[in-house]
Amino acid sequence: MSRDGRERTDPDAAKRDRNARRAARHVRRSPIGARFGPLTRRALTAGAVAMAAAALLCTAVAAVSDQRAIGPFAGTAAAATALTLLLRRSWVGRAMPTPTGRDGLMAAGLTWIATSLFAGVPLLLSDATPRVAQAIFEGTSGITTTGATAIADVDGQAHAVLLWRSLSHWIGGIGIVVLLVAVAPAAGGAARRVLLGETSRATEETVAPQMRDTARITAQLYLAATAIFLVVLLLVGLTPWEALNHAMSMVASGGFSTRTASAGGFDSPQVEIAMFVLMVAAGVSYVVWWRLVLRRGLGHHGAELRAYLLFILAIGVLLAIAAHGGHAPRSALDGLFTSASIVTGTGFTTADPDTWGEEARLLVLIAIASGGMVGSTTGGFKVRRWLTLVGGVRAEVQRQIAPQRIVVVRIGGKPVSEDTVRAAFGFMAVAFLALLGGAALLAANGFDLLSAFSGSAASLFNVGPGLGSLGGTETYADVPDSGLLGLSFLMVLGRLELFTVLALFTRGLWRAR
């Protein structure tokens, strides 16, 4: 109080109030600010930063190895840097209201779509993909860690192009979601919604209670896994260049290789065994790895882990029997490698299962829809969701027998809520419709039913290679533009667990606040 009895005004508080009112007026006037919340703008900024850093690294590689690729990647780096600065201006120094679920959905969906589209820019500029649709397909395949390629001659590409493809996998594997949480510590519940939407909403356990800590620990685990994968591949005889690219691709469950023949180009059982083990490890949940680091045991995740490992082994043994080559060890290795590659969605190939008979083709289709554990970098339906569906069906059968009986679905002894069971069935229904739509699109473009169905499934579940003319020894280079764009949409749809992308097509999400 002043001597005359009037309350003294704090100049700093008054200044803060003026800045807050100015920021609010700016948001109301700006159509971008009105429709895109601060979390969305920060997420897009994180994606632009990742693209700029990757492009700068590829520019440096181009300067050393192939100078004709300098221009495309330097231009991409400049564009990403300019975009970063523009996006940053839209939220730095302005009020950060508490994000909502709407913000979380928009941040995840738009960041993945924008980053996928941007990943195709240097591929188009460098003529690695001569068509726009091919560039979009290749970039989306990289960021979504699908691994399907529209480049027929991988061996003939510049080192910078190959590194860009591997980096797109690596960035997509760690998740733009983790990056956005790292730069938006105030995101709270919205960040949790984004993170769980990207990995799977079948379980709400994360490696730490706070999202900022979750992002930090997940990034540390991801970096450690990348280093371990790199060392293992060096020990089995890969060159540093090939080891680095394949380590980034495998830790993300991607599938892009530096060779047209994929993993089969190494012609080394030692390399294939190492890659088999690493692919299986990449499909394990990061929550499980963190629990093992802390020596807390598997907990209720043990049931999912056992189902995941047994499924890979069972499919691998059956594929080995179907291969029935003259050399039994070779058939066993091909079967197990193919099983791990498809179940985890990595997509590396050493042999063509199309030549193993109709039984092998059926097994491959089953494996495509499986996926790894919840909380891993794999795509697909996820093992935990399958366990939930099986438990839901069993519970419904028991209710038909005894309608008054209360049946609880459990996984590893932990009860599963009715909402989670319904969500799993809803996911299956939407996935089936999307799968049929993609198959119909490819069939309309002249592909046979097996190729169309498997290609649609391989894109939706982020596996990469399908069967028939889109099989493991083939590419997507001959797919017409409409087919490539449709498959690109399926990749993003599957990577973001369907509903996040579908929410972008609702009117309510785009209404100004």
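Contact here means heavy atoms within 4.5 Å. This is a predicted model, in which local features need pLDDT of at least 70, side-chain atom pairs count only at pLDDT 80 or more, and totals for chains, interfaces and linings use all residues. Residues are numbered from 1 along each chain as its sequence is written, and side-chain values use heavy atoms, without hydrogens and water.

Q: Is His246 buried or exposed?
A: Let's start with its place: His246 sits in helix H12, residues 240-251 (helices are DSSP runs of H or I, at least four residues, numbered from the N terminus). Its relative accessibility is 0%. Buried means under 20% relative accessible area with a 1.4 Å probe, and exposed over 50%. His246 therefore counts as buried.

Q: Which residues is His246 in contact with, leaving aside its neighbours within four places in sequence?
A: Look beyond those neighbours on the chain. His246 then touches Leu233, Leu238, Ser257, Thr258, Phe266, Met275 and Phe348.

Q: Are H3 and H8 roughly parallel or roughly antiparallel to each other?
A: Helix H3 (residues 38-65) packs against helix H8 (residues 159-174) with axes 9 Å apart and an angle of about 155°. Axes are lines fitted to C-alpha atoms over the stretch in contact, and angles run from 0 to 180 degrees between N-to-C directions. Under 35 degrees is roughly parallel and over 145 roughly antiparallel. So H3 and H8 are roughly antiparallel.

Q: How many residues of the contact of H3 with H8 are charged?
A: H3 brings residues including Met51 and Leu57, and H8 others including Trp164 and Ile171. The contact has 13 nonpolar and two polar residues.

Definitions and conventions. Helices (H or I, at least four residues) and strands (E, at least two) are DSSP runs, numbered from the N terminus. Angles under 35 degrees count as roughly parallel, over 145 as roughly antiparallel, 65 to 115 as roughly perpendicular and the rest as oblique. Ala, Val, Leu, Ile, Met, Phe, Trp, Tyr, Cys and Pro count as nonpolar, Asp, Glu, Lys and Arg as charged, and the others, Gly among them, as polar.
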